[in-house]
Amino acid sequence: MAGNLSTVINTCVNENSSKAWQELLMFSYKILHVDKTDRTTKSKSLATCVKNNVKSNTFPVTNRLQSTKGKTRSHEFICKTATKTLEDGDVSGAMRILSSDETLAPNSAETIQSLQYRHLAAKVDPEFPAPPGEQSLPLISIESVLKAINSFPAGSASGLDGIRPQHLKDLVFKANGNAGHKLATSLTKLCNIMWSSDVPHDICTFLYGASLCALNKPCGSIRPIAVNSTFRRLVAKIGCTNIAFPRLDEYLQPKQLGFGTKGGAEAIVHATRRFLEQEMKSGDVLVKLDFSSAFNTVFRDKLLNEVKDQLPELYPFLYQCYRDDSTLLCNETEILSSSGVQQGDPLGPALFSLILQPIMLSLYSKLNCWYLDDGILGGLPKNVLADLQTIIRDTAEIGLKLNPSKCDIFMQNSPDQKTILADFDKIAPGIKKLHAINMTLLGAPLTDSAFKPALECKIDTLRRLSDKLEGLLSHHAFHLLRHCLATPRLQYILRCSPTWKELPLL
């Protein structure tokens, strides 16, 4: 199979035509499909089915994109799904299934309408920068490609083309010898075509599109889940490792710690707690900010202009990804994505941080920390209030909208509390006053009185997850108990907070 995929990629590289790219994007549908309804297929091994597909090289009669119905999360269904995910090597995915209360949304008109609402129309009269011209770009090496392939988490899904990262991992594995090396070489050439923005225009909408599904949240809304093409994620991973990380590290720190900073969330929690305990004076305020669908609403023309200025090596590739609408396919319904950072894009956090950075640098609050779109400001009320006005005004110009109902304000004892709260409510109507017992940030408690509720919540979660292990095979249950529950599940909160103050609960 490695040889067959290499041949298809080489044709795509040499011809670089729409027809050749279509053959590549349909490769998995021709070669990897298994018709489970065919009685003759059930008696054959998977390897035999793939070999027969290679010989016939025809499309299956059945449609791969089946309609989905919302499934109830019975205990048996949860355990069965978690077991399958764990056997695929996706330990984190198995834990998410066990701990989540979300279900797959049905394939209905209501679901499609909700998804369309979340993918807003493009900005009126966008001001996109000029297309990338001829320029000398650093070529992607075969070592970078292999490193990026192996960095995909186990169990990563496929996009519209059906090629999963695990397919590439297996095919370029050293045990495949010369065939694996040839495929890695072909993939490197393909990545360089995408890197240089030489993909045919009519292919871009699908190559840089995604498969889309929706999950029902317990609150009643839906959560869209989009998965990009593996080839597209592969190039983005290379760009993230080779360009974005080393280039944006110093530019974003110390205010933006959501990208390129190891332990960034913990650093923000410790910095905020230090501000509360040592620097916050009577009359000072602390404000937590929240935006509505932040990643999904930023204007792409603004984004590309920032990329062109700050990361010119990535501009050709990202121009093809974000200049035109991309297609999101939910079952058989096409939804156009016209704004926002594409979900699942490895470069997404870097791009969002990049477009937000100029606004963050213009603020004057004594405490000014951000973890991607989660911001926290602290200091004198007049300074924080002025910064909040700046944020509301300037973020609107890049497509963001503050969600005041999910913003919080905390104040030290002061006779002017009502006046201060009224001033903030005028700017952000619905902002909530936060009490010390509810003071948490990025999942960690900030005040002594918040430790107990936070630890009790963790204990309750651990108890519920432990009960669900009884439905798994003993080996699987023990593996999750040892590597994912108990101490591993608590490590973040232990590093972020002085939990020794609540020894009985600890």
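1. Ser197, which directly follows helix α11, adopts a positive phi of about 60°. Helices (H or I, at least four residues) and strands (E, at least two) are DSSP runs, numbered from the N terminus. The model is predicted: local features need pLDDT of at least 70 and side-chain atom pairs pLDDT 80 or more, while totals for chains, interfaces and linings use all residues. Residues are numbered from 1 along each chain as its sequence is written, and side-chain values use heavy atoms, without hydrogens and water.

2. Helix α11 spans residues 177-195. Its buried residues (under 20% relative accessible area, 1.4 Å probe, protein chains only; exposed is over 50%, partly exposed in between) include Gly180, Leu183 and Trp195.

3. In strand β4 (residues 285-289), five of five residues are buried. Val285, Val287 and Leu289 point one way, Leu286 and Lys288 the other. β4 pairs in the antiparallel sense with β8 (residues 374-379) over five bridges and with β9 (residues 408-411) over four; pairing requires at least two DSSP bridges. Lys288 has Ile376 of β8 as its bridge partner, and Leu286 stands opposite Phe410 in β9.

4. Five aromatic pairs are counted, taking rings of Phe, Tyr and Trp (its six-membered ring) with centres within 6.5 Å; planes under 30 degrees apart are stacked, over 60 edge-to-face, the rest tilted. Tyr208 and Phe317 are edge-to-face, because their centres lie 6.0 Å apart and their planes stand at 80°. Tyr208 is buried at 1% relative accessibility, and Phe317 is buried at 0%.

Definitions and conventions: The expected span of a helix is 1.5 Å times one less than its number of residues.
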